[in-house]
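Hello,

Here is the structure I promised to pass on to you. Please open it alongside this email and follow the residues as you read.

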Amino acid sequence: MAATANANAKHMMLMMLSASISLPVSSRCASLSAKRLLYNQYSTRSQTLVRSACTGITTDTSKKKKKEKGLAKEKRRTRSLRDGDIHILKEEDVDSSSSSTVMMQQSHIPVMLGEVLDVFSSNLKPLSSFVDCTLGAAGHASTIIQSHPELKLFIGMDVDPLALRMARSRINAAISHSHPHPNFQALTFVKNFRHIRSLLTQVDHISSGVDGILMDLGMSSMQVNNPARGFSVLANGPLDMRMDPQASLKAEDILNSWPDSEVGRILRDYGEERNWRLLQNKIVQARLQGGLHSTGELVDVIRSATLGTKGGRQGWIKTATRVFQALRIAVNDELKTLEDSLHACFDCLAPGGRLAVISFHSLEDRIVKQAFLKIIGEEVRNSIRKVEGGEDEKELWIRQTIQGSNGTILTKRPITPSEKEEGFNRRSRSAKLRVIQKL
């Protein structure tokens, strides 16, 4: 009986709200107004049922909104058509003589590996030369080498000497387990990708440009999992955050020495943190008590600033993640370096060559998107072309292109990982792949 009465009360509320009250059913105001209108017209028991029905309406519409928002977001995504399966170099094939190599084997999973292979394998132009601007542990690089026996020149760049040592071990294993071109060369350099143009001028046989360039802008697992680097929110370590160990600026310097307003700007612009002003004030207060010298101390400051907010543990972790991202970007000047390097990389491509960029947060993706549009030319409004699914069986990953005077953007919308990959590699969830081809 109670369930029937409750259902009737809810039905009555819906009828009234959708008829003459002229307030939207989904708003809380509508629910509250309806309660007040009906409150004096029914017995106490009926009032209880009406209140319960109003609550049910608000909850139902709230759930509906969240579901619709999720569906809309999913519709805007261009998910990879791959199932996430790809054969990569086996761990037993890599030299495991050092503990650092073991750490790399256990923790490093290259993001969107299959999609990257598609980008460079489906091109009509043979891949004779390739540059990995962010070599890391060579997850992408080793698979590219194995998949392209026509490859004559591979160049890997990274600012992290430790990562480069690990990468060389994996690259050597890839060469020994594949059938490379007789004239194949693999060169690695401890360099930031901002120097790609000057670096390539020193290499022979690429005067006309390279056929493929990859930039994976994400943090590698081996860096995040090493507390001594200062990148981890959950592990205590020094406030370092330098990608290049030889660089002078550390996160500790910014937090303890930079002007208050500049610290706030970094949190606001690079971390996109809403409570940046409160966090700025907390950091200034910490300076008066001896300053911040470890990631644990910074996390304590962040937790004290998020007390009482919704989300519990996940709430302060998300805030800390944004703060750490902001500091890392500032320490390594990542955004300005990225913007300048995108133009330099495109200039280094041979005609028909492709540049693929994997970004991991909106600031990076926005820069990549805008840089690509600038590169191909300003007049691109009427040059969007939808690619039919059967147009080229090898290029099924291309859905919509933007044609310009200098090149073609092959991903009007960025490609995101498959649901299967997101399931086994959580760090891939925010990844976005954009590709541009030079004419």
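Below is what turned up in it, going from the cores to the rings and then to the charged pairs.

Some ground rules come with it. This is a predicted model, in which local features need pLDDT of at least 70 and side-chain atom pairs count only at pLDDT 80 or more, while totals for chains, interfaces and linings use all residues. Residues are numbered from 1 along each chain as its sequence is written, and side-chain values use heavy atoms, with hydrogens and water left out.

**The cores**

A nonpolar core is a set of buried Ala, Val, Leu, Ile, Met, Phe, Trp, Tyr and Cys residues joined through side-chain atoms within 4.5 Å. Buried means under 20% relative accessible area, exposed is over 50%, and partly exposed is in between (1.4 Å probe, protein chains only). The largest nonpolar core has 68 residues, and Ile 196, Ile 213, Met 215, Leu 342 and Leu 355 have the most contacts inside it. Helix H14 (residues 312–332) gives the most to this core, with 10 residues. Helices (H or I, at least four residues) and strands (E, at least two) are DSSP runs, numbered from the N terminus.

Where does this core lie? It lies between domain 1 (113–221 + 335–438) and domain 2 (226–332), because both give residues to it. The domain bounds come from an automatic or database domain assignment. Apart from this core lies another one, of 32 residues, including Phe 154 and Ala 431.

**The rings**

Rings of Phe, Tyr and Trp (its six-membered ring) pair if their centres lie within 6.5 Å; planes under 30 degrees apart count as stacked, over 60 as edge-to-face and the rest as tilted. The whole structure has 2 aromatic pairs. Phe 120 and Phe 130 are edge-to-face, at 5.0 Å centre to centre with 85° between the planes. This pair links helix H5 to strand E2, 10 residues apart. Phe 130 and Phe 154 are stacked, at 6.2 Å and 20°, and Phe 154 sits in strand E3 (residues 153–158), 24 residues from Phe 130. Together, the ring pairs link Phe 120, Phe 130 and Phe 154 into a cluster. Phe 130 is buried at 1% relative accessible area, and Phe 154 is buried at 0%.

**The charged pairs**

The structure holds 17 salt bridges, each a side-chain nitrogen of Lys or Arg within 4 Å of a carboxyl oxygen of Asp or Glu. In one of them, Lys 125 meets Asp 211, with the closest N and O atoms 3.4 Å apart. Lys 125 is in the loop between helix H5 (113–121) and strand E2 (129–132) and Asp 211 is in strand E5 (residues 210–216), so the pair ties together parts that are 86 residues apart in sequence. Lys 125 is partly exposed at 27%, whereas Asp 211 is buried at 7%.

Lys 336 and Asp 340 also form a salt bridge, at 2.7 Å from N to O. Both lie in helix H15 (residues 334–347), 4 residues or about one turn apart. Finally, look for Glu 262, Arg 265, Arg 268 and Asp 269, which salt bridges link in a network.

Enjoy exploring!

Best wishes
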